[in-house]
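Work through the exercises below with the sequence and the model open. Each task is followed by a solution in steps.

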Amino acid sequence: MKILVCISHVPDTTSKINFTDNDTKFDTNGVQFVINPNDEFGLTRAMWFKEKQGASLHVVNVGGIETESTLRKALAIGADEAIRVNSVAIDGYFVAKQLANVVKEGSYDLIICGRESIDFNGEMVPGMLAKLTGSSFVNNCIGLEIDGGKVTAIREIDGGKEILKANLPLVIGGQKGLVQESDLRIPNMRGIMQSRSKPFHVKEPVETSAKTQIVGFEKPAAREAVKLVDNVEDLIGLLHNEAKVI
Amino acid sequence: MSVLVYTESEQGTFKKIAFEAVSYAKGIADMFSTTVTAVTINAGDVVELGKYGATKIVQVSNEKLENFNAQAYASIIAQTAKKEDVQVIVISSSANCKFMAPLLAIDLEAGFVPNVTQLPVSTSPFKVKSNVYSNKAFAFTEYMTHTKIIGLAKNTFGLKENETSVNTEEFLPELIDEVFNTEVVSVEKTTDKVTIADAEIVVSGGRGLKGPENWGMIEELAETLGAAIACSKPVSDMGWRPHSEHVGQTGKPVSSNLYIAIGISGAIQHLAGVNASKVKVVINSDPEAPFFKAADYGIVGDAFEIVPKLIEKLKEFKAQNA
Ligand SMILES: Cc1cc2nc3c(=O)[nH]c(=O)nc-3n(C[C@H](O)[C@H](O)[C@H](O)COP(=O)(O)OP(=O)(O)OC[C@H]3O[C@@H](n4cnc5c(N)ncnc54)[C@H](O)[C@@H]3O)c2cc1C
Ligand SMILES: Nc1ncnc2c1ncn2[C@@H]1O[C@H](COP(=O)(O)O)[C@@H](O)[C@H]1O
């Protein structure tokens, strides 16, 4: 089985969000970039298929040279090969088109994405990729077993879960649950050394025009200070009369 | 050229977000001096959609779609959009809509922007404002496509009544076999209670509650308020509560009217997932807890003293206001 894990390179969850150039660009100053948390769960699950079922495991990112450190980390965790499509990720459609091309060229059976990336929270790349490659698609995936080409996936739904059968090729939008938090791996020295000699391909993008374009950003207005009360009667009064939520 | 809105239902009954989506679609229709057409799949009584401004309702019934199927739903909405020759499609931000939207966007070669918070800021170019960076910022996005799909953020536009009379029409879309390339084998509902996604009020507990044995009062508070129960990440990581209750950046998003955080410090990853809630109340013994900076109301004190009192007084309040 050939697995492709799509990795998005995002600001660390503790980052302060600021913009430059008249609020048109994300300010990367002092920001740490990491593997998108949802993709990290997916990568960890993919490692299980590699180690227990002998799957081959590639990782891909659509982005500029600055994302290579994130892909290197995925190699250090255990992926076999990395691919970077050398282009700014203009919108979700553009990214999905680039990934679809990588999927076709590499004929992958399983494509693991995250449910969403925590930067633009688009939640659109995996679905678009599935549609563009004619694959089955399971979003909000919290469990995945593949045995002799037979797929069983678990999808989180409101107030419960759904067990699904699906065909390969399959794209999933994964999230926590796919593996446990404690299964996540930190690259060790040996992994880091090995990652340096693993194949790292840089591909030029295929020609595509984006469908949407971000033209500016805005930060939320500063909020009013919290109202502290010292008894529950006052709280109930405020929630009823002022906030009107009970 | 009307505005098309997908109105989501569960077991035949519309969700509140469906009415919010219609209200919003009516707002856009007014900007273009046109009307709202709603599409429903296996819904029961559709007249209520007229209350929020839909004038035409395209009803699809298909017994193969007893369980949600993203590919099939996307295909149905795409066919309706083509038949009605629409340029703007409004959907909500439920998990199912988010699952389906990218498939629909490819079907229609449409641009898609999720988590949109208000009516378009301009129509030419067609530009919308949406939540990005886990609600830490807004983006303004322009569409470059003929067909535009808007994913409306929950609980931002609200319900707006706009009574109209409705025409309904049955529609029999064609569903090719490929849309059934996934198949639901079984569904396990863990709760019949209100879910975090649907709840108007969410009561959430953190590590400050010391152990799973102390969740009785959280359950009772939630019960009193008709609220859903949530928790911080460490609480579910330690197995005190099920993973399905974990909210935050890596858990479920919350955008309820009222969010009550008890014994939760307010780490940035927690806030990222809950700060779309309208009103936030914090109960924490540490006045320096970061959550107080993000909250509307707060009580500094021991949850084990405050919560039982709150339950008692809320019960009295409910009895008086019933
Ligand atoms: C990549 C990443 C993703 C993450 N995603 C999430 C996420 O999605 N959701 C999430 O919640 N966290 C997430 N976290 C974890 C987050 O950083 C915090 O560790 C977590 O939110 C803390 O949980 P807590 O507030 O319950 O516990 P603590 O930080 O331990 O806070 C407990 C609070 O309880 C208060 N307290 C103690 N006793 C009492 C009492 N008797 N009465 C009242 N108050 C009391 C304390 O003053 C304290 O403020 C993530 C972390 C990382 C690194
Ligand atoms: N630039 C990118 N390169 C590779 N994969 C991506 C990229 N952007 C998004 N993805 C994948 O798509 C998922 C959902 O992202 P999004 O649609 O941006 O919310 C991510 O978790 C990744 O798996």
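Strands here are DSSP runs of type E with at least two residues, numbered from the N terminus. By that count, B:Gln59 falls in strand β5 of chain B, residues 54–60. The model is a predicted one.

**Exercise 1.** Decide whether B:Gln59 is buried or exposed, and list its contacts beyond its neighbours within four places in sequence.

Solution. 
Step 1. The cut-off for buried is under 20% relative accessible area.
Step 2. B:Gln59 has a relative accessible area of 15%, so it is buried.
Step 3. With neighbours within four places in sequence left aside, B:Gln59 touches B:Thr40, B:Ala43, B:Gly44 and B:Val46, and also B:Thr168, B:Glu169, B:Glu170 and B:Phe171.

**Exercise 2.** Describe the surroundings of ligand 2.

Solution. 
Step 1. The ligand is surrounded by 20 residues, the closest being A:Cys6, A:Asp39, A:Ser117, A:Glu123 and A:Met124.
Step 2. By class, the shell around ligand 2 holds eleven nonpolar, six polar and three charged residues.
Step 3. Look for backbone partners. An oxygen atom of ligand 2 is 2.7 Å from a backbone N or O atom of A:Cys6. For A:Val62, a backbone N or O atom lies 2.9 Å from a nitrogen atom of the ligand. A polar backbone atom of A:Val125 is 2.9 Å from an oxygen atom of ligand 2.
Step 4. Ligand 2 taken alone exposes 480 Å², of which the protein buries 94%.
Step 5. Elements of chain A that give two or more residues to this shell are β6 (56–63), α3 (92–106), β8 (110–114) and α4 (125–133). The most come from β6(A), which gives three residues.

**Exercise 3.** Which strands form the edges of the open sheet of six strands?

Solution. 
Step 1. The order is β15(A)-β18(B)-β17(B)-β16(B)-β14(B)-β15(B), with parallel pairing.
Step 2. The edge strands are β15 (227–228) of chain A and β15 (228–231) of chain B, each pairing on one side only.
Step 3. Strand β14 of chain B, residues 201–205, pairs in the parallel sense with β15(B) over four bridges. B:Val202 has B:Ala228 as its bridge partner in β15(B).

Technical notes: Residues are numbered from 1 along each chain as its sequence is written. Chains are lettered from A and ligands numbered from 1 in the order in which they are written. This is a predicted model: local features need pLDDT of at least 70, side-chain atom pairs count only at pLDDT 80 or more; totals for chains, interfaces and linings use all residues. Side-chain values use heavy atoms; hydrogens and water are left out. A residue is near a molecule or strand if one of its heavy atoms lies within 4 Å of it. A polar contact is a pair of N or O atoms within 3.5 Å; within protein, one must be able to donate a hydrogen and the other to accept it, and residues adjacent in sequence count only if both atoms are side-chain atoms. Accessible areas come from the Shrake-Rupley method with a 1.4 Å probe; for residues, only the protein chains shown count as cover. Ala, Val, Leu, Ile, Met, Phe, Trp, Tyr, Cys and Pro count as nonpolar, Asp, Glu, Lys and Arg as charged, and the others, Gly among them, as polar. Buried means under 20% relative accessible area, exposed over 50%, partly exposed in between (1.4 Å probe, protein chains only). Contact means heavy atoms within 4.5 Å. Two strands pair if DSSP finds at least two bridges between them.
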